[in-house]
Amino acid sequence: MSDSKDSKGKAPQKPNDAEQTPGGKLTPQAAEALLENNPSLKNELGGLDKEKALEALRKMDISELLTGLSLTGKNKKDMAAFKFWQTQPVPRFDEAASNAAGGPIKMIDPERVSKEPDALIEGFEWTTLDLTNEEELRELWDLLTYHYVEDDNAMFRFRYSKSFLHWALMSPGWRKEWHVGVRATKSRKLVASISGVPTQIRVRGQKIKVTEINFLCIHKKLRSKRLAPVLIKEITRRCYLNGIYQAIYTAGVVLPTPVSSCRYYHRPLDWLKLYEVGFSPLPRGSTKARQITKNHLPSHTSTPNLRPMEAKDVDAVHDLLERYLNQFDLHQAFTREEIDHWLVYKESPQKEQVIWSYVVEDPETHKITDFFSFYNLESTVIQHPKHDCVRAAYLYYYATETAFLDDQKALKNRLQMLMNDALILAKKAQFDVFNALTSHHNPLFLEQLKFGAGDGQLHFYLYNYRTAPIAGGVNEKNLPDENRMGGVGVVML
């Protein structure tokens with residue numbers, strides 16, 4: 001289980017429409033090209049002979065498959081092999097479409113779950129991280145900072161702050177034993193990690209307890225040791241022992257089998273800096289001055305009665321968000337405590353700010369009618385003479401009463417106003433870029449607010465749960481589509 005997101009924003013090459021059949025299925029030629037140009041996918045299908053692998057690909061819907069496979073050699077990361085995933089309770093590429101209702105793939109007998117972890121290769125041992133211990137938190141930060149997700153050209157790498165790790169991994173109900181690490185026996189150095197936090201999600205109205213899996217990271221020098229499957233099996237075992245038999249996770253590569261796929265979009269806030277570090281290209285025929293002007297934002301927000309969210313708003317935001325998210329096939333089922341944890345910024349001189357949340361309060365009724373939020377995730381700029389990081393704001397959760405009017409034009413107008421204000425506030429907070437997926441109702445404003453298509457893709461996976469594919473807000477050409485909304489309503493860090 002992995003969270004592997006590409007933070008680059010260069011324009012991707014799109015597959016030729018001629019390679020797609022009218023029914024949204026791959027032609028034999030396109031399937032063969034995908035296999036040849038995607039080593040990781042070829043590896044994942046290694047358990048099948050070539051004809052069966054091609055047949056499995058051809059049966060997949062393009063919206064499931066092409067969204068994550070560029071034809072330029074992307075997705076070469078050594079993820080757990082397809083043979084490993086064949087042993088796991090996840091949907092197979094070649095199985096018939098699931099019925100929409102969904103349910104567990106495998107029933108787990110807790111009495112038969114091993115009480116001990118599998119043995120690691122010689123020279124390494126399991127450890128449980130104590131993130132309340134400053135030294136162990138620093139060790140995890142160090143591992144992620146130098147060995148976690150980076151783009152294909154090794155120009156950018158995620159740089160999670162220690163405050164972010166506290167926020168992401170110590171949410172309500174967190175368990176120390178789900179912060180798993182591997183140490184080198186002799187040096188005691190932390191060389192691998194995988195983590196989970198408990199929560200609940202709804203899948204087409206079915207509420208299920210899950211572990212949200214994140215931060216699968218292996219030291220670069222150990223990538224050939226096949227540690228990823230071992231880490232996945234260990235976090236699974238620990239979850240089973242605590243009575244949690246399902247999980248949700250994301251990856252930037254295609255594994256068996258995405259329940260949905262969304263595309264990343266990027267809105268430059270400091271276009272010149274993004275250009276200088278190689279994040280944003282200079283479009284042909286344009287100039288630097290023109291791009292700076294194009295991406296200019298007003299200095300003041302325009303939504304009346306907009307203010308930062310406070311602790312007193314938790315109940316109102318919880319109610320509004322729960323009603324809003326119920327419109328989506330896949331979404332988190334928040335508790336009041338989770339709203340307080342995930343959305344309210346607790347000011348502290350020791351901790352840098354991770355979350356920004358804003359509400360709109362009706363001055364007469366004092367009702368919260370809208371809210372939006374974004375979080376801070378920096379990326380290290382590797383070996384650049386001028387800039388050492390890109391400050392990226394990621395769109396988090398939002399909701400508006402306008403969504404219940406059954407008037408898409410009104411919803412589009414309201415979201416465009418709210419999200420333009422989010423951009424202005426992020427710019428004021430000195431972010432360089434604002435990132436968003438095609439999830440939720442985002443297709444209503446992405447292109448209108450000058451978000452550009454990125455080459456990053458995020459695939460959503462459910463472990464030990466089968467349901468029919470869920471819309472990710474994109475069409476067969478991998479472009480935002482207002483008719484494909486209503487699927488993904490969850491945000492994964």
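Reader: How many disulfides does the count come to?
Author: This is a predicted model, in which local features need pLDDT of at least 70, side-chain atom pairs count only at pLDDT 80 or more, and totals for chains, interfaces and linings use all residues. Residues are numbered from 1 along each chain as its sequence is written, and side-chain values use heavy atoms, leaving out hydrogens and water. A disulfide here is a pair of cysteine sulfur atoms within 2.5 Å. By that rule, the number of disulfides is zero.

Reader: Is Cys239 buried or exposed?
Author: Buried means under 20% relative accessible area, exposed means over 50%, and partly exposed lies in between (1.4 Å probe, protein chains only). Cys389 has a relative accessible area of 10%, so Cys389 is buried. Cys239 has a relative accessibility of 5%, so Cys239 too counts as buried.

Reader: How much of the protein chain counts as buried?
Author: The chain has 13 helices and 15 strands, taken as DSSP runs numbered from the N terminus (helices H or I, at least four residues; strands E, at least two). Of its 493 residues, the share that counts as buried is 59%.

Reader: Which residues touch the most other members of the largest nonpolar core?
Author: A nonpolar core is a set of buried Ala, Val, Leu, Ile, Met, Phe, Trp, Tyr and Cys residues joined through side-chain atoms within 4.5 Å. In the largest one, of 103 residues, those touching the most other members are Phe372, Phe374, Tyr375, Tyr396 and Phe434.

Reader: Nice, and how many residues does the other core have?
Author: That core lies apart from the largest one, and its members include Phe124, Val182, Ala228 and Ala251. Its residue count is 34.

Reader: How far apart are the end C-alpha atoms of helix α6?
Author: The expected span of a helix is 1.5 Å times one less than its number of residues. For the 14 residues of α6 (residues 134–147), that should give 20 Å. The model agrees, because the end C-alpha atoms of α6 lie apart by 20 Å.

Reader: Which residue stands opposite Arg263 in β14?
Author: Strand β14 (residues 452–463) is mostly covered, with ten of its twelve residues buried. Two strands pair if DSSP finds at least two bridges between them, and β14 runs antiparallel to β6 (residues 247–251) over five bridges. Strand β7 (residues 260–268) also pairs with β14 in the antiparallel sense, through six bridges. Within β14, the residue opposite Arg263 is Gln457.
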